[in-house]
Amino acid sequence: MQFLSQRFSRFSSAFARSLQLVVLTVALALSFGGCDSTGTNDTRDRSDPEVTVPAPVDGFASQAAAIVVDGNDRDWSNLSTRYNDTDDGDGRIGIQKLWMAHTDQHLFLRLTFDRRIDLLENNNLTLYLDTDNNPNTGASSLGLGAELEWTFGQRTGRLRGQEISHDDIGVSSLPTVRANAFEIALDRSADSVFSGDSLRVGLSTNGDRLPDEDGGLGYVFSDTDAVADAPSLDASPASGVRVLSYNVLGGSIFEPDVQPNFRRILDAIGPDILGLQEVPQSASQTEQVAKNELGIPAAWDWDKTDTNTDLVLGSRYPIQDRHIIPGTENTSSAAFLLDTQDALGDKLIVVLMHPPCCNGEGGPNELSRDEKRQLVVDGVAAFLGDVKQGNGPFGVQSGTPMTVIGDMNFVGDPQQPRTLRTGEIVNTGRFGPSASPDWDGSPLLDTNPQQVAAPFHTTWTYSESSFSPGRLDYIYMTDSVLKASHEFVLNTQRLSDATLTENGLQRNDTVVASDHLPLVVDLTLR
């Protein structure tokens with residue numbers, strides 16, 4: 001059932017909500033001018049940086065901030081902790097800290113735990129939102145009358161008794177791998193959820209709750225013009241090269257009904273190098289479709305690995321050589337040497353990857369998905385180390401730029417992205433010792449682009465899946481010799497009408513084309 005098509009009556013009149021906001025806002029404003037006493041409700045960690053946000057007044061707080069959901073805490077470093085929980089979780093998952101912030105478009109949460117967890121699997125972490133501040137309406141939990149209940153590890157929820165999906169409330173979170181801290185966003189435009197100007201929030205796991213007291217934590221949505229900076233959809237640069245990594249969903253570029261969407265996307269981006277994943281067809285078949293239906297110039301070079309059936313590279317520049325990088329029995333990666341001398345000032349090595357997806361323990365004689373992914377990334381890390389040490393297949397000079405791109409499917413063990421970035425090989429018996437991948441002995445740069453016109457770094461989204469949007473696609477580079485002059489993720493649903501028209505796009509182009517979003521980085525020499 002499509003929940004968003006339903007309409008719910010609001011529990012209070014517009015006048016009552018406005019009056020409530022005035023009272024709470026006045027109280028908050030008075031606290032700015034008062035003494036610096038934190039009061040009994042101020043539970044922020046004194047080891048955190050000093051902050052200017054006051055302690056909650058009458059159980060309510062408000063913190064407008066331009067948050068970007070990118071999987072790290074930079075945006076939160078100067079914000080007040082809403083609650084610091086000293087409970088240890090009774091030996092199970094313990095919730096430690098909660099931060100809250102908002103813009104006119106989103107409610108943001110940051111949570112820390114006493115251990116690493118997979119936010120979207122194998123836990124009973126539940127968010128409760130009492131959106132009308134009335135304990136007598138909604139589900140009775142933690143002393144709240146919760147209109148919204150969302151259990152992250154089960155990827156299910158209820159709103160006023162009705163089952164909902166992540167798409168109904170616009171849930172996004174990062175990181176996608178296991179971690180002890182997560183950023184979470186909910187879409188405030190889902191007005192059947194956020195029908196008022198204030199709410200109360202609570203969280204629970206099997207072994208812990210936040211707050212420890214009944215009644216939840218109050219929060220007020222103040223008016224704000226806080227908007228996070230976001231990259232623009234710029235034309236391909238006059239210098240350097242534009243790299244596009246794109247999982248095209250089982251070769252959907254070959255589907256006539258979808259080809260117009262891809263053509264508009266590619267016309268708007270204008271890539272110089274196109275790394276495709278999930279292409280079962282041959283390189284020559286891909287070249288014909290790209291030239292005839294997708295508008296890619298006929299002069300481009302195309303190549304595909306022999307042992308992997310879904311990686312295809314297209315390039316405006318000559319592909320001089322190719323090397324197969326072993327991983328698992330059924331999943332290899334490929335390195336391509338491109339003659340980008342005229343555009344970049346040097347040759348370029350592009351490593352194209354697509355490790356196995358999803359989580360799974362495997363059978364008695366079968367590796368788990370995490371173990372298979374680790375073999376694939378270990379193989380690439382070993383290749384980069386060989387190239388840096390002069391033992392690689394291409395015989396390139398020291399300092400030759402390198403980039404690693406693809407749908408990495410990093411959804412489990414955080415060791416896998418760590419291995420690609422740092423060269424820390426796990427299966428050393430097969431792939432040799434660890435070796436830092438960049439020419440100066442440093443890690444690769446994880447470019448981590450942000451969506452155009454949106455505060456998200458997610459690269460995969462599919463409304464019909466139980467999994468909320470996540471980050472699966474990556475572009476790494478040797479930033480000792482390369483810099484990213486511009487980078488972005490394209491999600492046409494987030495663009496304004498003017499931006500869509502200006503770039504010849506339609507709102508559902510990226511949704512129709514694939515469940516993955518195009519990932520773009522412009523590379524120039526340092």
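## Residue Y462

At a relative accessible area of 42%, Y462 is partly exposed; buried means under 20% relative accessible area, exposed over 50%, and partly exposed in between, with a 1.4 Å probe and protein chains only. Y462 belongs to the loop between β24 (445-446) and β25 (473-477). Helices (H or I, at least four residues) and strands (E, at least two) are DSSP runs, numbered from the N terminus.

Leaving aside residues up to four places away in sequence, Y462 touches H166, F467 and D515, where contact means heavy atoms within 4.5 Å. Y462 and D515 are 53 residues apart in sequence, and their C-alpha atoms are 5.5 Å apart in space.

## Basis of the model

The model is predicted: local features need pLDDT of at least 70 and side-chain atom pairs count only at pLDDT 80 or more, while totals for chains, interfaces and linings use all residues. Residues are numbered from 1 along each chain as its sequence is written, and side-chain values use heavy atoms, with hydrogens and water left out.

## The chain as a whole

The chain has 526 residues, of which 56% are buried. Its secondary structure comes to 10 helices and 27 strands. Of the contacts with a separation of 6 or more, 68% are between residues 24 or more positions apart.

## The disulfide

Across the whole structure, 1 disulfide is found, a disulfide being a pair of cysteine sulfur atoms within 2.5 Å. The link joins C357 and C358, with the sulfur atoms 2.4 Å apart. The angle about the S-S bond is -70°, and the link is left-handed.

C357 is partly exposed, at a relative accessible area of 32%. C358 also counts as partly exposed, at 38% relative accessibility.

## Aromatic rings and charges

There are 8 aromatic pairs in the structure. Rings of Phe, Tyr and Trp (its six-membered ring) pair if their centres lie within 6.5 Å; planes under 30 degrees apart count as stacked, over 60 as edge-to-face and the rest as tilted. The centres of the F194 and F221 rings are 5.8 Å apart and the planes meet at 85°, so this pair is edge-to-face. F194 lies in the loop between β12 (179-187) and β13 (198-204), and F221 in the loop between β15 (217-220) and β16 (241-247), so the pair ties together parts that are 27 residues apart in sequence.

F194 and F221 are both buried, and together with Y219 they form one aromatic cluster. The charged end of R188 sits over the ring of F221, 3.8 Å from its centre; this requires NZ of Lys or CZ of Arg within 6 Å of the ring centre and within 35 degrees of the ring normal. Elsewhere, R471 lies over the face of Y474, at 3.8 Å from the ring centre.

## Helices α6 and α7

Helix α6 (residues 369-388) packs against helix α7 (residues 415-422) at an angle of about 0°, with axes 9 Å apart. Axes are lines fitted to C-alpha atoms, for helices over the stretch in contact, and angles run from 0 to 180 degrees between N-to-C directions. The two helices, α6 and α7, are therefore roughly parallel, as angles under 35 degrees count as roughly parallel, over 145 as roughly antiparallel, 65 to 115 as roughly perpendicular and the rest as oblique. Residues in the contact include R373 and V377 of α6 and T419 and L420 of α7.
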